Structures are given as structure tokens and as C-alpha cells.
Amino acid sequence: MSNKPYVREVSKTTWFLNPQQPRYKRYMAREVTCIFIGAYTFLLIVALKRLAEGPDAFQGFLNALHSPLGVLFNLAALVAAVYHSTSWFNVTPQAMPIQRGEEFVPGNIIVGAHYAVWAVVSLIILILGI
Amino acid sequence: MSERQIQLEVLRYDPETDSEPRFQSYAVPCKNEWVVLDALNYVKENLDTTLSYRWSCHMAVCGSCGMMINGEPKLSCKAFIREYSDKIRVEPLANFPIERDLVTVVEDFIAKLTRVKPYLIPKEDKPISAGEFKQTPAELMKYKQYTLCINCMLCYAACPEYALVPDFIGPAAIALAHRYNQDSRDGGRDQRQEVIATDEGVWECSFVGACSEVCPKHVDPAGALQQVKVASTIDWYKEHLMPWVKK
Amino acid sequence: MAKSNKPIFWGLFAAGGTVTAFVTPALVLVTLFAAMKFSPDMFTYENIHAFAAHWLGKLIIFGVILLSLWHAAHRLRVTLHDFGVRADGAVAVIVYAIAGLGTLMTLVYLLRI
């Protein structure tokens, strides 16, 4: 080893903006979905609170939700949630490979099964909720 | 023979005279079937004998010619010139200190590799007369993918968490620990867990997934690390919530 | 070097990531429709209350909210580190405290229904 190796510094705050590594931005987009998932969960908690307080309070919650801000927030949360779901399901074969005998179950079958269950669960929620 | 003139921009650093690296450009007449390593060899033989870089096999087996090509970690022996434009930028592997030109300091990786005990630790010592350790094809398949690692360190160059936290043991070393943990002949998992089930071990990983995307041998270190996380989490819950269950 | 205690939170993060991946987009669609007032007889007090009044409904609501909260909290901890916030200990206390508070609130409101 030479006695003067050169260390290239990486910015701790802007590393993901590296124009040659677009995958870093995709990763950060995936991570940032948690802000929307978290905020949306607190919206659900508020809904639960108003639900516990009775019909009038719950109607008040619905009226507050019926606003440009409410629609906008739900739209943003929808984009984030869908991005989270797809990015989550797409890597399931890596995290949980399934071996049958000598061969591994092909990744697209594992991912496909998740998408199928996702569709069924979503349908049930929409039928129950609407 | 089709030939194409390309501009090869190489990051140069001479520790004796330079305070920081600088790019040097070479005009290289490349044949159609050339890889970036061929272009570097052309420079070394015909244009500039002072250029330093590592290479050996020229066939993606030795793992020594990894470098950043247009910002992406690549084996220069697998990076075909025809897939690039007329200007190609070559830098030493990211996240490693530069020793000289394209040669990096790799001692950190070697030390981490040693720490994870990447070799078989049999459950019990058997005399040779007791015969071989047998393994079924299915048991072999369980870890075979991870044996393909050639220690080229492209995964470390791709990993932002390694860049941010240099103590992180990193993709290849943990994937290799996983390879031996998955081996039916091995009994060394407890010893390796002491090293990899730590904050600087697998828990520094946030599953960016870049390591697997750049791996020239399709080892999928990112997958290995997630599997280590799942197994370590099950360990933790067993140890703390069900202490009466023997490991 | 000691073994990490991150598995407690990672276990919740992973379980929560899976649950939110399955249910959150559809849940958001429901509240989005409610916010846009697509139809007056959806997301009504009667429907939601009937669901939340049943013990199984309570259990599902609690499970989904708990896991969503802890999923988001743990990922936020990692994300803040990626944005360069290096006070990981303080960040962990804050994000997990928020998740804990949300969990507690959910429990209280559910018991009141």
C-alpha cells in the first residue's frame, strides 16, 4: 500500500443525486413512501377517534376530508402506497426464495402470486368500504 | 475489420506527485470486439506505459479488473466498447481509496472477508476413515448461487450504505457467510452470527439492491442479506421471547 | 461487537411492509372516494361503526394500524440516516415514540367503540 492513498469523499446528504446512479433516486423514492404511509395511518387514527365520538363527529371528519387538501393528500398517499406495494412485492423472491426439490420456484411466479393476492384483498376492501 | 476511434478518459493519480486525481484522455483505435480492458491494454502498450490497473484473466473469473465505467461498477473485461458512445470515462472502483491510477486499496474488504469465516466449519470433527461429508443435489442448490462470487468488489462500489458507513461488513462478505450458513455440511453459523448479526453487519443494509444489479456473476447478495435478516430476526425473537427453546 | 437489537423493529417493519403493501392502496382509494364524495352511501358511519364494533373488526383495525405505524417509523429512521441525519439514537427514540403513541391512541379509541 502506498503511504498516500486518495479517499474520494461521498456527500452524506446528497449522495443519492449522483446522476450516474438513477437507482439511488428510485431507492430514496421507495424509502420516502413511509412518510405517506405513516401520515395516512394517522389519518385513520383520527377517523377512529371521530368514529368513537359518534355519528356527528364522524360526519365532521368526512366534511373535513371533503376538501381540496383532503383529495390532494389522498392522491399523494395513493401514489406512494402503490409504489410501496410494487417495490415490496417485486423483491419478495430475493428475500424469501422458495426451493422445491432441487429447483427454486421462478421469481415471477412468487411475484405474480403476491399481485394476485393484492388484487383480491383490494377488491374485498373496496367492496366493504364502498 | 471494423475499427472505431474512442476517447478513453482515465482517472489518474500518482501518490508521489499528485495531491488529487485528474482525468487524462487517450485516443484509442478500438476493434469491434474489444472490451474496455483491451483499450486500457492498448494505452499501456502503445501510448502511456505509466498507467496502472489490475487485471489477470480477461474472462470474468479472477475478479481483479473491476472499475467504474461511465460511473457504473463493471468488470472491464466484460464491458464491450461497442455498447458505449465514443467517449468512455474510466475511474477506479468507487468507495475504495485510490492507491494509484485505477488501482484501489482493498485491504478493508479482505479483512471483512476474513472476519466472516468463509470456509466450512464442520459440526463435528470426523476422522478421514469415517468417509466423506455427503450432500444431496437439493442441498447443494440451496447455496450454489453464492459460491459464484469472485470477490470483485463491484457490489461494494455500488453500495451507498458502504459509502456512508465504511464499517459496514458489506454485501459480498455477508453473502459468503450466508453461503456457508446454508451449507448442510457446516456447523459454524453461531460463530458467523456474532460477526454479521450486528449493527455493522447485516443491519447496516437497507436493501438498496444495487449490489445485486451490478454483480457480474448474478450472485444476488441483496437477497442473501435479506435472508440473513429474516433468520436473525427469528433468532432474536426465539432468544428473547422463548428463552426455554434451545437453539 | 454485540449482536444487534434491530430485529425487534425490523420484524415489525417487515410484517408492516407486507401488510401495507396488500391493504394500503385500497384503503387510500376508499378514503379518496370519500373525500371526493363519489357517492353518499359509502364510508358511512353505520358501516364503519358496525365493522369496528365487532371484535374481529377491532382486531383487524388494530393489527393494520399497529403494523403500518411501526413499518413507517422504522423506515423513516433509516431514511433520515440516508438524508444525512446522523443522530440515529435520538431519531430512533422519536420515531418509535410517535409509533408507540399512535398505537396507544388506536387502542384507546377502539375500546371506546
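Let me start with chain B, whose domain assignment gives domain 1 (3-104) and domain 2 (107-241); such bounds come from an automatic or database domain assignment. Before I go on, a note on what we are looking at. This is a predicted model, where local features need pLDDT of at least 70, side-chain atom pairs count only at pLDDT 80 or more, and totals for chains, interfaces and linings use all residues. Residues are numbered from 1 along each chain as its sequence is written, while chains are lettered from A and ligands numbered from 1 in the order in which they are written.

Back to the two domains of chain B. Their C-alpha centres lie 30 Å apart. How many residues of domain 1 of chain B are in contact with domain 2? There are 13, and they meet twelve residues of domain 2 of chain B. Two residues are in contact if their C-beta atoms, placed from the backbone, lie within 7 Å. On the domain 1 side, the elements that give two or more residues are S3 and strand S4 (72-75) of chain B. S4(B) gives the most to that side, with three residues. By class, the domain 1 side that touches domain 2 of chain B divides into eight nonpolar, three polar and two charged residues. Here Ala, Val, Leu, Ile, Met, Phe, Trp, Tyr, Cys and Pro count as nonpolar, Asp, Glu, Lys and Arg as charged, and the others, Gly among them, as polar.

Now chain B as a whole. It has nine helices and seven strands. Helices (H or I, at least four residues) and strands (E, at least two) are DSSP runs, numbered from the N terminus. The C-alpha atoms of chain B fill a box of roughly 70 × 40 × 30 Å, taken along the principal axes. Of its 247 residues, 43% count as buried. A residue is buried if 20 or more other C-beta atoms lie within 10 Å of its own, exposed if 12 or fewer, and partly exposed in between, with C-beta atoms placed from the backbone. If we take the contacts in chain B with a separation of 6 or more, residues 24 or more positions apart account for 65% of them.

Next, the strands. Two strands pair if DSSP finds at least two bridges between them. Strand S1 (residues 3-12) of chain B pairs with strand S2 (residues 22-31) of chain B in the antiparallel sense, over ten bridges. In that pair, B:Leu11 stands opposite B:Phe23 in S2(B). In which sense do S1(B) and strand S5 (residues 87-91) of chain B pair? They are parallel, over four bridges, and B:Glu9 stands opposite B:Arg89 in S5(B). S5(B) is also joined by two bridges to strand S3 (residues 66-69) of chain B, and these two run antiparallel. There the bridge partner of B:Met68 is B:Glu91 in S5(B).

On to chain A. Its domain assignment gives domain 1 (10-90) and domain 2 (96-130), with C-alpha centres 23 Å apart.

Chain A touches chain B: 22 residues of chain A are in contact with 30 residues of chain B. H1 and helix H4 (92-95) of chain A each supply at least two residues of the chain A side. H1(A) gives the most, with three residues.

Chain A also touches chain C, with 45 residues from chain A and 45 residues from chain C. The elements that give two or more residues to the chain A side are helix H1 (22-53), helix H2 (55-65), helix H3 (68-90) and helix H5 (107-129) of chain A. Which of them gives the largest share? That is H1(A), with 16 residues. The chain A side that touches chain C has 31 nonpolar, eleven polar and three charged residues.

Last, one helix pair across that contact. Two packed helices are described by the angle between their axes and the distance between the axes. H1(A) and helix H3 (residues 55-82) of chain C pack at an angle of about 145°, with their axes 8 Å apart. Axes are lines fitted to C-alpha atoms, for helices over the stretch in contact, and angles run from 0 to 180 degrees between N-to-C directions. The residues making this contact include A:Met28 and A:Ile35 of H1(A), and C:Leu69 and C:Asp82 of H3(C).
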